[in-house]
Amino acid sequence: MINNQTIRSLINTIQVFRSFFPLKTIIKESLLFLFSYKFTKGSSLSLPPAITFLLTKRCNLTCSFCFIDQKGKSLTSELSLNDIKKFVSTFPPKYKPGIFLCGGEPLLNKELIPIFNFFKEQGMKVGIITNGLLLNIDLIKDLSTASPDIMIFSFMGPEKIHNQITKNPNSFKTIAANIKNYQENCPSSKVIYHYILHRFNFSAENIDQFITDCLEQKLKIKNIRFLYLSFLTESELKEQESFWQKNFPDLPSPNYNIYLQTDNNFAPSEKELDIIFDYLKQNSNHYNFTFKPFLSKKDIISWYLTDFTLNRNCLFPWASLQVNADGKVFACQNIEFPIGSIKTDSLKQIWNNNNLIRFRQKLKKGLFPGCARCCKL
Ligand code: SF4
Ligand code: SF4
């Protein structure tokens with residue numbers, strides 16, 4: 001059965017994206033999902049409530065902890081409005097999934113605005129995940145007609161650390177100026193700041209400095225979502241590759257869309273975690289703080305060490321699809337194993353096809369080695 005930690009993580013996610021889905025849909029989808037997960041041997045009775053489109057795998061930054069692999073970055077094909085229209089034309093008329101546009105850096109896709117407007121015209125909620133650097137005033141004005149329902153900006157820490165990790169001495173100030181313009185022009189859009197927790201920013205002092213730096217740039221702050229850095233060690237990746245060959249010998253080896261960390265000599269101390277949680281508690285009247293995924297203190301400490309395993313379930317392939325920049329569709333954000341393509345297949349052909357059912361069945365028996373530290377847990 002689904003364990004409590006998984007449910008707490010899921011509730012956190014629903015809280016953050018609550019505005020994306022009407023309450024009726026959340027209740028209906030949750031019931032159908034629970035039924036499918038328990039009784040259907042890997043097929044899903046409802047269509048995915050959310051679909052993520054990686055509009056491009058290019059990025060205008062080269063962050064030290066980038067999760068887009070080198071092979072992915074060199075993937076030059078990008079999703080086009082025509083590909084997306086063709087795929088959406090296979091959706092049942094009343095089906096309105098929540099759409100996430102991300103990358104690489106999604107603002108680099110020249111068709112971002114037509115793609116965004118198309119989804120909004122279909123009556124779908126749209127969220128964009130961006131590093132914010134290219135969000136100039138013209139783009140903001142184009143977006144403001146329909147306004148993204150959620151806009152997520154990724155930060156690597158306070159100004160000094162963010163600039164170091166992104167290797168761009170002006171990135172924090174540029175992004176802050178863009179966000180300020182965005183907040184003024186798109187006031188109905190929910191803005192979330194992602195703060196990626198890694199060894200160089202994992203302290204109450206750095207979180208406080210981040211808030212101070214944002215306020216100095218006159219940014220409105222409401223939602224800060226802390227993401228534990230997703231990564232695999234080299235031995236975990238090797239284990240995952242053997243696991244795949246053993247369990248899916250007839251399928252090609254997937255590409256892995258995950259940051260590979262070679263040195264693991266960092267873990268936050270229990271004392272530091274207490275200081276952080278006290279700090280967040282003291283400031284929780286002013287800001288909404290959430291974490292992705294939900295972890296106990298013990299789990300947080302071991303997350304950053306080697307040989308990390310988490311005892312929980314992954315529900316992602318029952319609830320979501322990820323469309324790659326070349327149109328291939330994946331059931332998982334890290335393990336790029338194609339289950340179809342939006343260029344050739346309909347949603348119906350993809351969603352409960354044999355390979356996806358096999359993937360779900362195997363995952364239900366236990367997490368894969370490559371699932372360690374996945375933010376979807
Ligand atoms: S902004 Fe995101 S996609 Fe771009 S380099 Fe940084 S981590 Fe990678
Ligand atoms: S937990 Fe595993 S299967 Fe689920 S999304 Fe993450 S890597 Fe994929």
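Predicted model: local features only at pLDDT ≥ 70, side-chain atom pairs only at ≥ 80, totals over all residues.
**Stop 1: the H6/H8 pair**

H6 crosses H8 in a right-handed sense. For H6, take residues 137-144; for H8, take residues 171-185. Their axes lie 10 Å apart and meet at an angle of about 30°. Because the angle is under 35 degrees, H6 counts as roughly parallel to H8.

Now show side chains at the contact. From H6, pick Ile137, Ile140, Lys141 and Ser144. From H8, pick Asn181, Tyr182 and Asn185. Colour them by class: the contact has 3 nonpolar, 3 polar and 1 charged residues.

**Stop 2: ligand 1**

Move to ligand 1. Which residues surround ligand 1? Start with the cysteines, Cys59, Cys63 and Cys66.

**Stop 3: ligand 2**

Go on to ligand 2, which has 13 residues around it. Which of them come nearest? Select Cys314, Phe316, Cys332, Cys371 and Cys374. Taken as a whole, the shell of ligand 2 holds 9 nonpolar, 3 polar and 1 charged residues.

**Stop 4: a cis peptide bond**

Next, zoom in on Lys292 and Pro293. The peptide bond that joins Lys292 to Pro293 is cis, and its omega is near -10°. Where does Pro293 sit? Look in the loop that links strand S8 (288-292) to helix H12 (297-303).

**Stop 5: two lysines with positive phi**

Select Lys41. Its phi is positive, about 55°, although Lys41 is not a glycine. Trace the chain on both sides: Lys41 belongs to the loop between helix H2 (23-39) and strand S1 (50-54). Is Lys41 buried or exposed? Lys41 counts as exposed, because it has 10 C-beta neighbours inside 10 Å, and the cut-off for exposed is 12 or fewer.

Then select Lys218. Here too phi is positive, at about 65°, and Lys218 is not a glycine. This residue lies in the loop between helix H9 (204-216) and strand S6 (223-228). Count around Lys218: there are 11 C-beta neighbours inside 10 Å, so Lys218 counts as exposed.

**Last view**

Keep both lysines on screen. Lys218 has its place in the loop between helix H9 and strand S6.

How values were computed: Residues numbered from 1 in each chain as written. Chains lettered and ligands numbered in written order. Near = placed C-beta within 6 Å. Nonpolar A, V, L, I, M, F, W, Y, C, P; charged D, E, K, R; others polar. Axes fitted to C-alpha atoms, helices over the stretch in contact; angles between N-to-C directions. Helix = DSSP H or I, 4+ residues; strand = E, 2+ residues; numbered from the N terminus. Parallel < 35°, antiparallel > 145°, perpendicular 65-115°, else oblique. Left-handed = near helix turned anticlockwise from the far one by under 90°. Contact = placed C-beta atoms within 7 Å. Buried ≥ 20, exposed ≤ 12 C-beta atoms within 10 Å, placed from the backbone.
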